Amino acid sequence: VDSVTLTGVLNPAKVPAQLNFTTVVDDRQPTAGIAESLAEALELFIVKRDDLKTVIAGYPWFLDWGRDTFIFMRGMLAAGKIEDSVKILKAFAAFEENGTLPNIIYGKTAGNRDTTDAQLWFIRCVQEAEALGVDVTVLKKTCESLIANYIKGTPNGIHMDPESALVWSPSHFTWMDTNYPACTPRIGYPVEIQALWISALKYTGRNELADRALKSVQKYFKRETGYADCLAAPNGEPASKAWMEDTIRCNELFLITLGVLDDPLILRETEELLVPGGIRSLNAGHPLYRGIYAGDEDTVRKPAYHNGTAWVWPFALYAEALSMTKSCSNETALQLLASSVENLNTGCLCHMSEIADGDAPHAQKGCTAQAWSVSEVLRVWLKLSR
């Protein structure tokens, strides 16, 4: 790329900051560090929709989704975008209904409530906003309603197993939500749902229930090498009757990063999933593993999407977990996280892509600019830097 090309498509004074970019425009070298670049990129996902603000999940083809919004919001809060965060939380809270939140809000209508984790991420965001000094009195009422409805059961099937105090989730209600064909149904008791649930119970003062759920995680999820990704219960079986799925996925990292467990065994098990700047969604030795995300959507790409494809946003969790378990210094964890720099410098400059092939050379795929990829790397970078 030369300066003539750049001048033809960009205002040279507003060339986005990027890393290791040496082309000189108007005798300036627009370079910046990772945090500065990601903070600038973060702004471009927060947009207006009528009188509200919302978060675009990814460019060029995603729109706004509840789950993506709340995961992204953790980075917003860490970066100091508190006012916008609270406005978005209040907008979603207004549509809370029987323990569910919409994945989509458009004007006065809301749609698609098929998610178990969006509600729990909402509660986590309220908790992190309160830690920053925000008055969350009104929002906390929504949190209480969400939890109460999970305990008794929501209209779309989410419910707490009274015996184990764990949350049962319908098929494709987690972030691994390919629905047709349902390549990762994870119907039953997904591990990150339990981590979010225990975190939410502690936040709202339901300590006895949180302790019961934690004991159930230790009883039913723990295995010799780490923790199961999901207890399969396709017919709504209690956790005591469910069975471990034979997979290694990145989701067990949430047990550490959400403050539920402090077990370095999780890091040792998920280490094999790491690729430069990403983490695989399934261990390469598994029969369902697909290392290349390409080809026909239903027969090739969907089966690969959460079965081997490497993701950026949970990759940041590995670096965070390293620090939280004191498995290494923050400086070393930052060095691992900094392998994301190659992602920033290719594709959509100064943005993080959505996914990459699980197989080398780990070509970037999916959205070229993904909201939660940017926000999670930024959130963890700021956390470890501080």
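Trainee: Let's start with the open sheet of three strands. What order do they come in, and is the pairing parallel or antiparallel?
Mentor: Keep in mind that this is a predicted model. The order in that sheet is β8-β9-β10, and the pairing is antiparallel.

Trainee: Which strands stand at the edges there?
Mentor: β8 (188-190) and β10 (243-244). Each has a single partner strand, so one side of each is left without a neighbour in the sheet.

Trainee: How many bridges are there between β8 and β9?
Mentor: Three, with β9 covering residues 230-232. As an example to click on, Gly 188 has Ala 232 in β9 as its bridge partner.

Trainee: OK, and what's the strand order in the open sheet with five strands?
Mentor: That one goes β11-β12-β13-β14-β15, and its pairing is antiparallel.

Trainee: What joins β11 to β12?
Mentor: Two bridges, and the strands run antiparallel. Leu 274 has its bridge partner in β12, namely Ile 279.

Trainee: Switching to helices. Is α7 largely enclosed or left open, and why?
Mentor: Largely enclosed by the rest of the structure, because twelve of its 13 residues are buried. Among the buried ones are Val 191, Ile 193, Leu 196, Trp 197 and Tyr 203, but also Glu 192 and Gln 194.

Trainee: What span should α7 have, and how far apart are its ends?
Mentor: At 1.5 Å a residue, the 13 residues (191-203) should span 18 Å, and the end C-alpha atoms are 19 Å apart, which agrees. Just after α7, Gly 205 takes a positive phi of about 80°.

Trainee: And α4, what do the same sums give?
Mentor: Its twelve residues, 82-93, should span 16 Å, and the end C-alpha atoms are 16 Å apart, so that agrees.

Trainee: Which residues of α4 are buried, and what covers them?
Mentor: The buried ones include Val 86, Ile 88, Leu 89 and Phe 92, along with Asp 84. Their cover includes β1 (46-49), β2 (52-55), α3 (66-78) and α5 (117-131).

Trainee: You mentioned β1 and β2. What do they form?
Mentor: A hairpin, with two residues between the strands. They pair in the antiparallel sense over four bridges, and Arg 49 has Leu 52 in β2 as its bridge partner. In the turn, Asp 50 has a positive phi of about 55°.

Note on methods
Residues are numbered from 1 along each chain as its sequence is written. This is a predicted model: local features need pLDDT of at least 70, side-chain atom pairs count only at pLDDT 80 or more; totals for chains, interfaces and linings use all residues. Side-chain values use heavy atoms; hydrogens and water are left out. The expected span of a helix is 1.5 Å times one less than its number of residues. Buried means under 20% relative accessible area, exposed over 50%, partly exposed in between (1.4 Å probe, protein chains only). Contact means heavy atoms within 4.5 Å. Two strands pair if DSSP finds at least two bridges between them.
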